[in-house]
Amino acid sequence: MDGTLPSKAMDKKDIQILAIESSCDETAAAVVKNGREVLSNVISSQIALHTLYGGVVPEIASRKHIEKINQVIEEALKEAGTTLQQIDAIAVTYGPGLVGALLVGVSAAKAISFATGIPLVGVHHIEGHISANFIENKQLEPPFVCLVVSGGHSHLVVVKDYGEYEIIGRTRDDAAGEAFDKVARAIGLGYPGGPKIDKLSKEGNPDAIHFPRAKVEDNLYDFSFSGLKSAVLNYLNSCEMKGETVNTADVAASFQKAVIDVLVEHSLHAVKEYGYHKFAIAGGVASNSSLREAFENECQKQGIEFFHPSPILCTDNAAMIGAAGYYEYLKGTRHGYDLNAVPNLKLGER
Ligand code: KG4
Ligand code: ZN
């Protein structure tokens with residue numbers, strides 16, 4: 001023995017995760033080091049294809065995932081300058097999402113795991129969205145409150161610890177992103193509605209039309225967006241009946257403001273009531289520029305620390321699955337080759 005002790009840095013082995021995401025219309029793979037360092041983040045989007053049909057067509061999504069998955073995984077490894085020999089675990093989204101789409105990622109992950117012996121870690125898609133916040137905010141640690149707003153979900157979540165969640169609010173009907181998509185269709189913007197409403201709103205007056213801000217009587221933190229959607233449709237119908245021309249930019253801006261007002265009010269009320277000082281946003285709708293600005297301003301006023309991922313890490317990607325997968329891996333989560341796609345997987349369920 002030469003008497004030299006290994007340094008702390010040498011003691012700690014880096015953990016590299018290969019992450020795969022295919023729950024909806026993006027085929028994605030990434031390599032993430034120690035949960036917070038993205039070595040590659042490859043996303044093959046099917047948006048252009050689904051735009052033809054005005055929304056995601058599940059069968060087409062599955063078929064496209066099959067065509068792209070191997071290529072996307074190979075690209076992710078290559079861009080990261082790594083090989084499967086250096087990968088410690090394969091993290092894959094196994095729910096919630098479109099069953100056929102999920103199955104493609106899950107099958108690819110299981111096949112690689114089986115062929116190489118690399119451990120398999122199934123990840124909840126929403127846990128991924130929340131964990132996207134860890135990537136660029138190196139100092140962010142639980143506990144904090146997170147608002148998850150995507151095409152399929154609107155959840156207010158207390159992140160108690162890594163992988164430990166309590167859902168304190170949810171939507172009673174449409175998800176926030178779904179409302180954006182439906183209203184966008186009604187004013188002729190097409191799919192995907194969120195980014196188009198975001199852009200058009202900049203030319204409109206958010207106070208031009210007063211749309212309702214729904215409150216859910218028995219839970220202050222729940223959301224409801226279907227009434228708002230109907231109010232927009234009624235407004236458009238009544239304009240048509242009266243022969244009035246519709247200012248679509250004003251409709252987009254006023255609708256967007258109604259959504260944001262409710263999200264901000266409910267979320268920051270929860271942060272205060274639960275006694276936290278940190279708040280994060282996640283999911284596709286979290287890339288909305290006015291929503292980010294509104295939270296930035298309101299959090300600053302109320303002395304709450306505000307965290308958000310870059311827009312590319314808000315919409316579906318595999319880097320967020322790598323971040324979540326890392327903390328699951330550290331906790332000892334391992335899945336067998338019987339791992340299946342679970343389209344309605346609940347947060348916190350194994
Ligand atoms: O998280 P995500 O990529 O997929 C799901 O897990 O659902 O979210 C997609 C949703 C779509 O409804 C899309 O219209 C919405 O996020 N979205 C936006 C914006 N970018 C995407 N909504 C509002 N403003 C945006 N800039
Ligand atoms: Zn998503």
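Residues are numbered from 1 along each chain as its sequence is written, while chains are lettered from A and ligands numbered from 1 in the order in which they are written. In this predicted model, local features need pLDDT of at least 70 and side-chain atom pairs count only at pLDDT 80 or more, whereas totals for chains, interfaces and linings use all residues; side-chain values use heavy atoms, with hydrogens and water left out.

Empty space was examined first. Rolling a probe the size of a water molecule over the atoms shows where such space is left. On a 1 Å grid over the protein atoms alone, a pocket is an open set of points with protein on both sides within 12 Å along at least five of seven lines, a cavity is a set where a 1.4 Å probe fits but cannot get out, and lining residues have an atom within 4 Å of a point. Grid points are joined across faces, edges and corners, and a volume is the space filled by probe spheres set on the points.

The largest pocket has a volume of about 1,200 Å³, and of the 49 residues that line it, Cys24, Ser150, Gly151, Gly152 and Asp316 are the closest to its centre. Both domain 1 (7–132 + 314–331) and domain 2 (143–309) give residues to this lining, so the largest pocket lies between them, the domain bounds being taken from an automatic or database domain assignment. At least two lining residues each come from strand 3 (37–45), helix 5, strand 8 (164–170), helix 6 (176–186), helix 7 (193–201) and helix 11 (311–314), where helices (H or I, at least four residues) and strands (E, at least two) are DSSP runs numbered from the N terminus. Helix 6 gives the most to the lining of the largest pocket, with 6 residues. By class, this lining comprises 19 nonpolar, 20 polar and 10 charged residues, with Ala, Val, Leu, Ile, Met, Phe, Trp, Tyr, Cys and Pro counted as nonpolar, Asp, Glu, Lys and Arg as charged, and the others, Gly among them, as polar.

The second largest pocket holds about 310 Å³ of space and is lined by 15 residues, of which Lys257, Ile260, Asp261, Ser290 and Ala294 lie nearest its centre. Helix 9 (248–273) and helix 10 (289–302) are the elements that give two or more residues to this lining, which divides into 5 nonpolar, 4 polar and 6 charged residues.

The structure also holds 2 cavities of 30 Å³ or more. For the second largest cavity, with a volume of about 30 Å³, the lining consists of Glu127, Ser131, Phe134, Tyr162, Gly163, Tyr165, Ala323, Ala324 and Tyr327. Helix 5 and helix 12 (319–331) are the elements that give two or more residues to the lining of this cavity, and at least three residues are drawn from each of domain 1 and domain 2. The lining of the second largest cavity has 6 nonpolar, 2 polar and 1 charged residues.

A search of the whole structure finds 13 aromatic pairs, defined by rings of Phe, Tyr and Trp (its six-membered ring) with centres within 6.5 Å, and classed as stacked for planes under 30 degrees apart, edge-to-face for planes over 60 and tilted for the rest. The rings of Phe134 and Phe144 have their centres 6.0 Å apart and their planes at 80°, so this pair is edge-to-face. Because Phe134 lies in helix 5 (residues 125–136) and Phe144 in strand 6 (residues 144–149), the pair ties together parts that are 10 residues apart in sequence. Phe134 is buried at a relative accessible area of 3%, and Phe144 is buried at 0%, where buried means under 20% relative accessible area, exposed over 50% and partly exposed in between (1.4 Å probe, protein chains only). Tyr326 and Tyr327 also form an edge-to-face pair, at 5.0 Å centre to centre and 80° between the planes. Ring pairs link Phe134, Phe144, Tyr162, Tyr326 and Tyr327 into a cluster.

The count of salt bridges comes to 16, a salt bridge being a side-chain nitrogen of Lys or Arg within 4 Å of a carboxyl oxygen of Asp or Glu. Lys64 and Glu67 meet at 2.7 Å, N to O, and, being 3 residues apart in helix 3 (residues 58–80), are separated by about one helical turn. Glu298 and Lys301 form a salt bridge at 3.3 Å, N to O; Glu298 is partly exposed at 22%, whereas Lys301 is exposed at 66%. Salt bridges that share partners join Asp174, Glu178, Lys182 and Lys229 into one network.
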